Amino acid sequence: MDYFQMLHGDVDEGITLTGTLTLPNTLKAIGGMVFKKQTGLTGVVIPNGVVEIGNEAFANSGLTSVSIPGSVKKIGNSAFYNCTSLTSITIPDSVTSIGDYAFYACTGLTSIVIPNGVTTIDRWAFSWCSALQEITIPSSVTEIGFSAYNRASAIKRVNITDIDAWCKISFVNSSYSTPLYHGARLYVNGEELTVLNVPADVKKVDDYTFYGCSSITEVNIPNGV
């Protein structure tokens with residue numbers, strides 16, 4: 001079977017991949033479900049030029065670490081679903097969307113840096129990431145989907161760079177949409193946030209914005225909110 005067939009979702013169920021797979025330099029997209037349930041696949045070299053990782057592309061596989069090249073713009077729904085051996089992943093600034101269930105139940109991940117460029121973290125994206133302790137969220141994020149951090153109960157530290165941008169995030173319909181839910185502490189540019197001064201240009205602080213945040217001891221809200 002050639003790469004063209006394999007990378008468009010036609011992998012024969014009898015094919016078993018092991019070790020690290022180097023994908024061809026001509027590749028532009030990794031199709032849906034192509035490496036799903038390949039538990040012997042521990043590594044993959046994704047060439048620069050790939051723009052999309054498809055839905056369920058590596059779901060339930062044996063990947064231990066992944067470096068995504070700077071050409072990738074979209075991580076599809078359930079792309080790394082239940083990759084329980086995955087302990088490290090590098091996501092470039094080129095990525096603008098992290099799909100539904102993208103890293104659901106990746107129970108080996110301990111930290112994740114969302115790149116500056118992502119605007120939406122979709123629903124259930126990091127749910128059941130039970131070992132996740134630290135997450136960095138850039139000011140480009142404007143929406144975090146339903147239950148994005150449900151059962152991610154080990155998160156202790158959330159890093160941001162801009163409190164103004166954080167106040168303007170839409171946490172969609174659930175307290176589990178915020179990574180602060182289980183009592184994480186919020187850090188702004190490396191400094192733990194204890195006194196929250198809501199910026200003067202903020203007109204509304206959305207539901208769940210600071211839900212569960214254990215570092216805040218004082219809140220000052222301007223008249224314009």
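This is a predicted model: local features need pLDDT of at least 70, side-chain atom pairs count only at pLDDT 80 or more; totals for chains, interfaces and linings use all residues.
Residues are numbered from 1 along each chain as its sequence is written, and side-chain values use heavy atoms, with hydrogens and water left out.

I begin with the sheet. Five strands make up an open sheet with mixed pairing, in the order S9-S11-S13-S15-S16. Strands here are DSSP runs of E with at least two residues, helices are runs of H or I with at least four, and both are numbered from the N terminus. Two strands count as paired if DSSP finds at least two bridges between them. In general, strands of a sheet pair through backbone hydrogen bonds, either parallel or antiparallel.

Which strands stand at the edges? They are S9, residues 111–113, and S16, residues 191–192; each has a single partner strand, so one side of each is left without a neighbour in the sheet. Strand S15, residues 185–188, runs antiparallel to S16 and is joined to S16 by two bridges. Within this pair, Val 188 stands opposite Glu 191 of S16.

I turn now to the charged side chains. The structure holds six salt bridges, a salt bridge being a side-chain nitrogen of Lys or Arg within 4 Å of a carboxyl oxygen of Asp or Glu.

One of them links Glu 134 with Arg 157, whose closest N and O atoms are 3.8 Å apart. Glu 134 lies in strand S11 (residues 134–136) and Arg 157 in strand S13 (residues 157–160), so this pair ties together parts that are 23 residues apart in sequence. Glu 134 is partly exposed at 32% relative accessible area, and Arg 157 is partly exposed at 28%. For these terms, buried means under 20% relative accessible area, exposed over 50%, and partly exposed in between, with a 1.4 Å probe and protein chains only.

My last topic is Lys 168. Lys 168 forms a salt bridge with Asp 164, with closest N and O atoms 2.9 Å apart. Lys 168 is partly exposed at 46%, whereas Asp 164 is buried at 16%. Asp 201 also forms a salt bridge with Lys 168, the closest N and O atoms being 3.1 Å apart. Asp 201 lies in the loop between strands S17 (195–197) and S18 (218–220), and Lys 168 in the loop between helix H2 (163–167) and strand S14 (170–171), so the pair ties together parts 33 residues apart in sequence. Through shared partners, salt bridges join Asp 164, Lys 168 and Asp 201 into one network.
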